[in-house]
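Trainee: I would like to go through this model one feature at a time. Please show it, and then I will ask.

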Amino acid sequence: RPSTEALGRRGAAASPAQVKRLVRELPVTYVIFDLLWLDGHSLLERPYAARRERLAALDLAGERWQTPAHVVGHGAEVLEAGAGHGLRGIVAKRLDSEYRPGRRSPAWVEVGAGAPPSAGELLPAGETGARAALRIEGRALELSNLEKVLYPKTGTTKREVINYYAAIAPVLLAHLGGRALTVKRWPDGVDGKSFYQKQSPAHRPDWVRTARLGSAAKPIDFTLAEDLPTLLWLANLAALELHAPLALAATPTRPTAVVFDLDPGAPATVIECCEVAVRLHGMFDHFGLQSFAKTSGSKGLQVYLPLGGEEVTFGQTKAFAKLVAELLAGDEPELVVARVTPALRTGRVFVDWNQNDESKTTVSAYSLRARPHPTVSTPLDWEEVDGALRSGDPADLAFEAGQVLERVAEHGDLFAPVLSLPQELPRL
């Protein structure tokens with residue numbers, strides 16, 4: 001079975017000695033399910049059935065690599081069998097489908113094992129009191145003050161916050177894995193005082209993993225939220241917002257994406273951000289690059305340009321993002337501003353290129369936000385961005401926790417390519 005925790009431990013290895021030890025202790029198996037290139041020729045445009053036939057003919061099987069057979073038909077039976085082995089679901093593929101690198105295709109559909117978790121399965125209302133003692137993935141977890149209201153306007157309790165994070169964990173943990181987490185906590189709810197926390201609390205359970213970063217004179221042990229127990233432990237601390245850097249803790253100077261944080265200055269709204277995002281999308285599309293948008297969960301949008309596979313520095317990505325922001329501001333001075341000066345931002349969208357820095361973090365996809373309603377930083381399809389721009393209604397891009405769970409159940413993780421899509425930084 002796939003293990004996010006085990007993969008995260010390998011990925012967080014900080015020294016060659018740790019790498020060697022973890023390779024021995026946590027061996028991986030390479031599971032091959034498609035063939036894209038053979039004998040110098042691309043197979044991308046060949047139908048899936050033909051690609052699988054070529055793959056099977058190679059007879060690729062070894063101690064640490066294997067090619068499991070695919071099953072034609074019998075989807076319900078395969079799904080049930082997978083669930084019996086603890087697998088979360090299956091991928092159904094059209095036999096005549098081409099391979100489209102990095103692009104979502106209706107020819108491939110993720111099918112979950114059973115209904116997605118609802119906001120009540122982990123801690124059902126009425127079945128537990130204000131406290132709960134659970135054992136999750138072999139970890140003992142004490143949850144407290146479950147009836148405390150954290151969002152007074154909607155009456156959303158800590159119980160509901162914990163239930164949301166439990167339900168969204170299958171997609172959220174992939175975006176947090178291996179990254180030094182900064183959390184923002186609201187112990188008295190969103191109307192009370194809050195504080196950012198980088199240093200993992202001293203009272204953390206001994207199974208919470210950390211990564212030591214910072215200077216030699218002032219090291220910081222950041223929390224690594226790579227499994228469900230750690231995520232729920234953070235939720236119990238009223239860590240509503242989860243902010244992650246653009247680099248992995250194991251390689252803190254190497255960003256895996258470029259981010260453009262679009263912040264509207266009143267009276268501009270997220271609709272003006274959509275206009276800027278569409279321009280960014282068109283610019284990157286011109287270079288043959290894919291970009292991905294998500295709401296901030298607050299008032300703006302964020303556009304990510306994945307750089308999986310390319311070794312770049314923050315100096316390079318920051319310079320690139322600044323140049324792009326300045327080009328946009330030069331072309332659309334009434335819409336875009338690239339300088340942080342507050343007086344210049346009225347009615348415009350500030351393209352914050354400065355987020356591309358080793359010391360900065362950005363709210364994670366699927367994180368809650370401390371707004372009057374429990375809104376979520378929500379990945380978007382570009383058609384949704386275009387649709388909101390046409391409608392002119394900011395409410396079209398405001399999603400609360402329950403809506404996000406429904407979206408993931410229907411569409412999967414729209415932000416998944418940001419984690420691994422291999423692209424190179426363009427030269428403008």
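Trainee: Is His243 buried or exposed?
Mentor: This is a predicted model, in which local features need pLDDT of at least 70 and side-chain atom pairs count only at pLDDT 80 or more, while totals for chains, interfaces and linings use all residues. Residues are numbered from 1 along each chain as its sequence is written, and side-chain values use heavy atoms, with hydrogens and water left out. Relative accessible area under 20% counts as buried, over 50% as exposed and in between as partly exposed, with a 1.4 Å probe and protein chains only. His243 has a relative accessible area of 8%, so it is buried.

Trainee: In which strand is the place of His243?
Mentor: Strands (E, at least two residues) and helices (H or I, at least four) are DSSP runs, numbered from the N terminus. The run that covers residues 239–244 is strand E15. The place of His243 is in strand E15.

Trainee: How far apart in space are His243 and Val324, C-alpha to C-alpha?
Mentor: In sequence, His243 and Val324 are 81 residues apart. In space, their C-alpha atoms are separated by 24 Å.

Trainee: Which residue in E15 is the bridge partner of Val183?
Mentor: Two strands pair if DSSP finds at least two bridges between them. E11 (residues 182–185) pairs with E15 in the antiparallel sense over 4 bridges. In E15, Val183 has as its bridge partner Leu242.

Trainee: And in E12, which residue is the bridge partner of Lys184?
Mentor: E12 covers residues 195–197 and pairs with E11 in the antiparallel sense, over 3 bridges. In E12, the partner of Lys184 is Tyr196.

Trainee: Which residues of E11 point the other way from Thr182 and Lys184?
Mentor: In a regular strand, side chains alternate between the two faces of the sheet. In E11, Thr182 and Lys184 point one way, and these and the residues pointing the other way are all buried. Those pointing the other way are Val183 and Arg185.

Trainee: Which strands stand at the edges of the open sheet of 6 strands?
Mentor: The order in this sheet is E19-E20-E16-E18-E17-E22, with mixed pairing. An edge strand here has a single partner strand, so one side of it is left without a neighbour in the sheet. The two are E19 (336–337) and E22 (379–380).

Trainee: Which residue in E18 is the bridge partner of Phe260?
Mentor: E16 (residues 257–264) and E18 (residues 301–306) pair in the antiparallel sense over 6 bridges. Across from Phe260, the bridge partner in E18 is Val303.

Trainee: What kind of aromatic pair do Phe260 and Phe284 form?
Mentor: Rings of Phe, Tyr and Trp (its six-membered ring) pair if their centres lie within 6.5 Å; planes under 30 degrees apart count as stacked, over 60 as edge-to-face and the rest as tilted. The structure holds 5 such pairs. For Phe260 and Phe284, the centres are 5.7 Å apart and the planes 40° apart, and the pair is tilted.

Trainee: How many residues apart in sequence are the parts that this pair ties together?
Mentor: Both Phe260 and Phe284 are buried. Phe260 lies in E16 and Phe284 in helix H7 (residues 270–286), so the parts tied together are apart in sequence by 24 residues.

Trainee: Which residue do ring pairs link with Phe260 and Phe284 into a cluster?
Mentor: Ring pairs link three residues here, Phe260 and Phe284 among them.

Trainee: Which peptide bond is cis, with omega near 10°?
Mentor: The proline concerned, Pro267, lies in the loop between E16 and H7. The cis bond runs from Ala266 to Pro267.

Trainee: How do the axes of H7 and H9 cross?
Mentor: Axes are lines fitted to C-alpha atoms, for helices over the stretch in contact, with angles from 0 to 180 degrees between N-to-C directions. H7 and H9 (residues 382–391) come within 9 Å and cross at roughly 135°. Angles under 35 degrees count as roughly parallel, over 145 as roughly antiparallel, 65 to 115 as roughly perpendicular and the rest as oblique. H7 to H9 is therefore oblique.

Trainee: Asp39 has a positive phi; is this residue buried or exposed?
Mentor: Asp39 is not a glycine, yet its phi is about 50°. Its place is in the loop between E2 (37–38) and E3 (41–42). At 66% relative accessibility, Asp39 counts as exposed.

Trainee: Is Tyr366 buried or exposed?
Mentor: Tyr366 also has a positive phi, near 75°, and its place is in the loop between E21 (362–363) and E22. At 2% relative accessibility, Tyr366 counts as buried.
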